[in-house]
Amino acid sequence: MEQTKTIFLLSLFSVFITVCGQEKQIIVIDPGHGGTDRGAVGINGLREKDLTLKIAQAIVHYHKIVLDDRYDIYLTRYGDTLISLGHRTKLAKILNPKIFVSLHCNHANNTKAMGLEIYVFNDSIPEQSLSMAKTMDEYLQEHLGYRSRGVKRANFQVLRDNRGVCPTLLLELGFLSNSDEATHLEEDGKIKALGLAIVMGIHNILK
Ligand SMILES: [Zn+2]
């Protein structure tokens, strides 16, 4: 019910913005998991759902400070709540963003697996998502101390449902199963660095 109300209010708001002619480019940031869906859990107990929300909050923070609120940024969740994947992509359909970025952290049985991954939908249509993913990958490689595992394709629901709606990237921001990366993600400064690099990567894509 809350979700339906939020979506209705956002529709009204986007109509209002359009009518007023002060349209900023819209960005949707999707902090993965939330509520009873905690996502992956690190070897140090870090929970993916908490990390994705903190990174999203850092993105909003640096967008204000560094980019002077240049874009309209919406999050699919603002707290520790369970939002269905369907509702996340419904928001994209209503807001028609220039880019939708879903935030996640990785986990693997191989504890040596490490690095960042960026996913686009399987068939890479629209091509726009693929070129945005490459720009983001290059930007993050240049500005973060992580090894890139490259741009990959997958049939994740959030990518599939946003196909034909808006360019969508899914970022896997380090392995919680790897002791170095899990320890790295314990530090607030590292979370902030990720948020700053991601928002500047998005700006690099949209400017
Ligand atoms: Zn995840």
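Two residues are taken to be in contact if their C-beta atoms, placed from the backbone, lie within 7 Å. The structure is a predicted model, in which local features need pLDDT of at least 70 and side-chain atom pairs count only at pLDDT 80 or more, while totals for chains, interfaces and linings use all residues. Residues are numbered from 1 along each chain as its sequence is written. Helices (H or I, at least four residues) and strands (E, at least two) are DSSP runs, numbered from the N terminus.

Two packed helices are described by the angle between their axes and the distance between the axes. Axes are lines fitted to C-alpha atoms, for helices over the stretch in contact, with angles running from 0 to 180 degrees between N-to-C directions. In these terms, helix H2 (residues 48-67) packs with helix H7 (residues 188-206) at an angle of about 60°, the axes being 8 Å apart. H2 is therefore oblique to H7, where angles under 35 degrees count as roughly parallel, over 145 as roughly antiparallel, 65 to 115 as roughly perpendicular and the rest as oblique. The crossing of H2 past H7 is right-handed; a crossing is left-handed if the near helix is turned anticlockwise from the far one by less than a right angle, and right-handed if clockwise. On the H2 side the contact includes Lys-54, Ile-55, Ala-58 and Leu-67, and the residues they meet in H7 include Ile-191, Leu-194, Val-199 and His-203. By class, the contact of H2 with H7 has 10 nonpolar, four polar and two charged residues, with Ala, Val, Leu, Ile, Met, Phe, Trp, Tyr, Cys and Pro counted as nonpolar, Asp, Glu, Lys and Arg as charged, and the others, Gly among them, as polar.

Helix H4 (residues 127-143) also packs with H7, their axes coming within 9 Å and crossing at roughly 135°, so that H4 is oblique to H7. The crossing of H4 and H7 is right-handed. Met-132, Thr-135, Met-136, Tyr-139, Leu-140 and His-143 of H4 make this contact with Ala-197, Met-200, Gly-201, Asn-204 and Ile-205 of H7, and by class it has seven nonpolar, four polar and no charged residues.

Among the strands, E3 (residues 99-106) is mostly covered, with eight of its eight residues buried; a residue is buried if 20 or more other C-beta atoms lie within 10 Å of its own, exposed if 12 or fewer, and partly exposed in between, with C-beta atoms placed from the backbone. Ile-99, Val-101, Leu-103 and Cys-105 point one way from E3, whereas Phe-100, Ser-102, His-104 and Asn-106 point the other way. Strands pair if DSSP finds at least two bridges between them. E3 runs parallel to strand E1 (residues 26-31), to which five bridges join it, and Phe-100 of E3 is the bridge partner of Val-28. Six bridges join E3 to strand E6 (residues 168-175), again in parallel, and the partner of Phe-100 in E6 is Thr-168.

Phe-121 lies in strand E4 (residues 116-121) and counts as buried because it has 24 C-beta neighbours inside 10 Å. Leaving aside residues up to four places away in sequence, Phe-121 touches Ser-129, Arg-153, Leu-159, Arg-160 and Arg-163.

Most residues other than glycine have a negative phi. His-33, in the loop between E1 and H2, has a positive phi of about 65° although it is not a glycine, and counts as buried with 23 C-beta neighbours inside 10 Å. Asp-68, in the loop between H2 and strand E2 (72-75), likewise has a positive phi, near 55°, but counts as exposed with 7 C-beta neighbours inside 10 Å.
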